[in-house]
Structures are given as C-alpha cells and as structure tokens.
Amino acid sequence: MRRLAIGFIPLTDAAVLVAAAKLGFAAAEGLELDLHREVSWANIRDKVNVGLLDGAHMLAPLAIASSLGLGHVRVPLVAPFALNLNGSAITLAHPIYEAMEATGHNLSSGLGVAQALGQMVRARAAQGLEPLTFSTVYSFSTHTYMLRHVLAAGGLDPDRDVRLVVVPPPFTVESLRSGLIHGFCVGSPWNAVAVEAGVGRIALLGPEIFGWAPEKVLGVHARFAEAEPDVLRRLVRALHAAARWSETAANHVELAQLLSSPEFLGLPAETLGRILQGRLDTTQAGLPRENRDFLVLHRDGASRPDARHAAWIYAQMVRAGQTAFSAAGAAEAGAVYRADVYDAALGTAPVSSGPAGDPVNTRFGEPFTPDDIDDYLRRVRST
Amino acid sequence: MRQDLTNDPGLKIVIVDASPLRAAILEAGLREAGYVHVMRLAEHTNLLARLHAIDPDVILIDLEDPSRDVVEQMFQVSREVKRPVAMFVDQSDSSTIEAAIEAGVSAYIVDGLKKERVRPIVDMTISRFRAFSRLRDELEQTRTALEERKTLDRAKGILMKMKGFDEEAAYALLRRTAMNEKKRMVDIAQSVITAADLFK
C-alpha cells in the first residue's frame, strides 16, 4: 500500500478526492490517501512545491499560474485529472439586488443581470457614491474570471468601476453582512451558506455564465509525475472510479453525508445534497433555481483534462492583465493539462471531450475560440 | 556579529498571527534584535486596507491563517497597491522556503528590497516559530502526563476501597493487568473507573 499526502480545501468539489480516500477507490489501486485540510490556496501550492503534499485539490488557474511563474516563484505543476467543472455562483447583498431589480432588466438571464449591474454601478458613480466591492477567493481562479466577464458584459471596467478583493471563504458571510463587500463569486458551499444565513441572494449560477467551465484539478509537482508515473496513473484510475460513483445521483445522499463530517466540510448534509443535485435556494425564503450542470463531477468527459480549458484560462489571465500574451505562454499553459497521462492511466484512446466549438460554452458575450486566442482577445477588448 | 552588520532597524515589519502569544514572542525577538517598527495584526477584517495603510516592508504570516490568500493578492500590480509585494524566496533559495513552510510561517517582502536585508528577520521568524511549536508540544505532554496521573490515582482509590488493598497492592494489580493485556496502565485505570461508574 503506497501512502500519498493529498491536500484539500473544505469545498464541495473536494468530493471526488474524499470519495477516493474513504470509499475504497484508492485502496483498490493499492493507494492510501491521507487527506490534509488546508486553509489557503497559497498553502496548497507551497506544500506541493516543497513536497509536504504529494498532490492536491487545486484551482485550475492556480496550477497554470504556478507553472508559468505568475505572481510567485515558478512551481512546475501537472494536472492529469479534472476534479469537477462549474460549481460556483455569484451572490449579492440584498440592497444591491433590489437596486438591480429596479432597473427593469430581466434578472432571470445572465446578460440581464450583467446589464442591470452595469446600470446600477454607473448610477451610483453619477451620484458620487463609493464604488462597489466584490470578492473572490484567489486572484488566479475561475471565480475571478467569471466575475470580470459579467462586469465587462455590463459595460464596466473591472479594474476601474468596482473594487475586486480577495476574501477567504470562511470570512465571506461576515464580510457581506457587515457591508465590507457587496457581493462575491465563490465555489460551493459558500453561496448556499450565505443564502441560508440570510445575508445575500444568489444572482447567477456559474453555468449561467459559462456552461462548461474548468474549476478544480488534481495538481501534482512535475517532479512527482516524472519520478513516479505508475503511482500517478494509479491515482488517476482511483479518482476516475470515485468520480463516476460521485456523479451518480443515487449516491448523492451518501456522498453528502460523508462530506458533511467535521473532518471535511462540517456543514449540514442536506445543504450539500442540494448542491450535488444542482438545486439551490436563491434566497433564505426559498426561490430555488435548478441547473443540471451546476456542479459536474464526471459525466460527458468532464474528468479528462481538456487543453482547450487551459487555453481559456490563459486567455482570461491575459484579459485580466495578469500576464501579457505570448504564443509560448499559451503553449506552456496548455501543457499543464495532461490528457495524455489520463489516457495512459485509463487505457482509453484519446477522444476529444466537451462541447465542440467553444469549450466553455460562453452563455453571453464573445465566445471563446481556442484555435485563435489572439482573435478572441481582440474581440473581448473591443467590446 | 553578522546580525549587527546586516540588521536594518528601519524596516517596517507586520506580523499577521491569530496566536497572540506566538506573535508576542516573535515581536520581542525582533525588537531585541533592534527592529523598532514591528506591528501585530490579529484581526482579519479589512486586512488588505490595513496593510496598505501601514505600508510594511516585510509581512510575516502564520501558515494556518486563511488570510495568506489576501496577502497574495498584493502580488497583483493594480491601482490598489502602492508597492507590489513578493514572496521572500526566489528559485535559488528553496531551502529557506522549505524551512519556513515546515516551521509554519511565510514571509512576503516589498518587491525590490534586497534579500540580505530581510534574511535575518526571516531566520529569526523561523526559529521562533519552531521554538513556539516545541513549547506547545511540551506543554501538551505535561498536560497529558498530569491527566494520566489523576486517572491512575482514581483507579487506585477505587481498588483500595472495593478490595481493601493498600496503595502499593492496588498499583501492582493495575501494572500486572496492563502487562498481561498488553495495554497501557492508564487504559486499564480508565476501564476500572468506567466499570466502577457502571456499578454505582
């Protein structure tokens, strides 16, 4: 039995790692996964870097940023497995949402929310009010790019017209309550927790912005991938089996129960179960919104790392001003996503997965064209 | 001697640590070494704004503090940040990052500050964090030993009362049972206490 130290952040999309460790999927591959709960993405990155962790639950953009040396020393990482797609939402403080309702835009559509937000922010600026503050959990995250996409679609400059800050998940609810922030875009379960606490309202589910967006991956150090290819393949197989089990609706009650334990998320199984089923209350009074794609753990090829997703993340980094575009950078970002390791582990022929055309299924605004990032960036910049 | 040459008392240092005791130990160490601008932040609310207001040269932060991700936002050059911040180490310095991460602390410095000026601060932080964790372990061991002793005393008392043993005989019975069952004496003592409670 080979022991591996695996880091995770207490979020719903750690589900596949938890299931692999606790339900026998890892053991079936001769692995014992010691799960280490971490408090920050920076810790996850650093502990993988120095070898205190063999692998971890990682924001896909963090894996790419580290590999490119953006914002930090270069830590070459490999992502051979996608732990999930989607799972995030945008939650706004009640007064903000009410002011958006007053604009008359259709708030049941993503574009309508973006336009209402834009109109309200401009109106506030005209009245000389303080700009609104929105938070995500880390600068290099799909959450950041989603929020920026919505703001841009509302005709706003995310760097000038509002303030974007980082607030760690455990502080989001209190920050929204105290008015330190006016809204946030984060992963599950924190939107549901804020709604249940009555401090905010879910305005948009992630898949209403991008229908098929990368989120968390298994990240390992390139050094580990090179030194122990067999162990890595076994790990990928264990995660694949765990992901298939976790995706199955009939197992969601058991999975929610497992995740609710204090060593993992420490939240009511009922809340987590609703998240797994893609059925979220948007306000404390209810108003449920359903989306089958809210959190995708395995189906339709979701587990296979799609290099086009890495390209999309890279394009969002450029769009956000986190790096300057270069063809070499784009290639390096794409190389972090190792579909070849995934295919070798599962003995499957390489098949392209995910939607044809726009691999993230952009729901409004410019569609992403992985074969021509330059053109995409020109289009998003001119709007 | 080396410290006297490299110490830079004018540097503004902020310690972000939820443990007031450890932060105080570190602050004392830094002040002894001659640093005069040392501040402690234990409250997370609006951390970024407070850091901007203080405008530190060096930020030392506990690894168990979720606010590390807030500090890392300062890596991003934006209108919010007067002076960009970077992680203390660079590629050539992997032993320092390892030592720091293992000690449970992380250091950020204002970009452009020479590493030699900051190294004594980082070295001291690592050694104080290690010392604090040793201290905590020892305290924990002492506390456990004390509790085990109390458990043994209670079990002995029960045996003396119920079986009419003197203290020595009660102790000997506990020890012999522990050896026979390949268990720790304190576990046997706990069983005696539990059983006595049941028979009450």
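Select A:His252, A:Val253, A:Leu255, A:Ala256, A:Gln257, A:Leu259 and A:Ser260 in helix α11(A), and then A:Ala269, A:Leu272, A:Gly273, A:Leu276 and A:Gln277 in helix α12(A), which they meet; contact here requires C-beta atoms, placed from the backbone, to lie within 7 Å, and helices are DSSP runs (H or I, at least four residues), as strands are runs of E of at least two, numbered from the N terminus. The residues of this contact divide into 7 nonpolar, 5 polar and no charged, where Ala, Val, Leu, Ile, Met, Phe, Trp, Tyr, Cys and Pro count as nonpolar, Asp, Glu, Lys and Arg as charged, and the others, Gly among them, as polar.

This is a predicted model, in which local features need pLDDT of at least 70 and side-chain atom pairs count only at pLDDT 80 or more, while totals for chains, interfaces and linings use all residues. Residues are numbered from 1 along each chain as its sequence is written, and chains are lettered from A and ligands numbered from 1 in the order in which they are written.

Now show α11 (252-260) and α12 (269-277) of chain A as whole helices: their axes come within 8 Å and cross at roughly 130°, with axes fitted to C-alpha atoms, for helices over the stretch in contact, and angles running from 0 to 180 degrees between N-to-C directions. The two helices are therefore oblique to each other, a word for angles that are not under 35 degrees (roughly parallel), over 145 (roughly antiparallel) or 65 to 115 (roughly perpendicular).

Finally, display both chains: their contact takes 24 residues from chain A and 25 residues from chain B. On the side of chain A, α2 (41-50), β8 (163-166) and α7 (169-177) each supply at least two residues, and the largest share, 6 residues, comes from α2(A).

Conventions: Contact = placed C-beta atoms within 7 Å.
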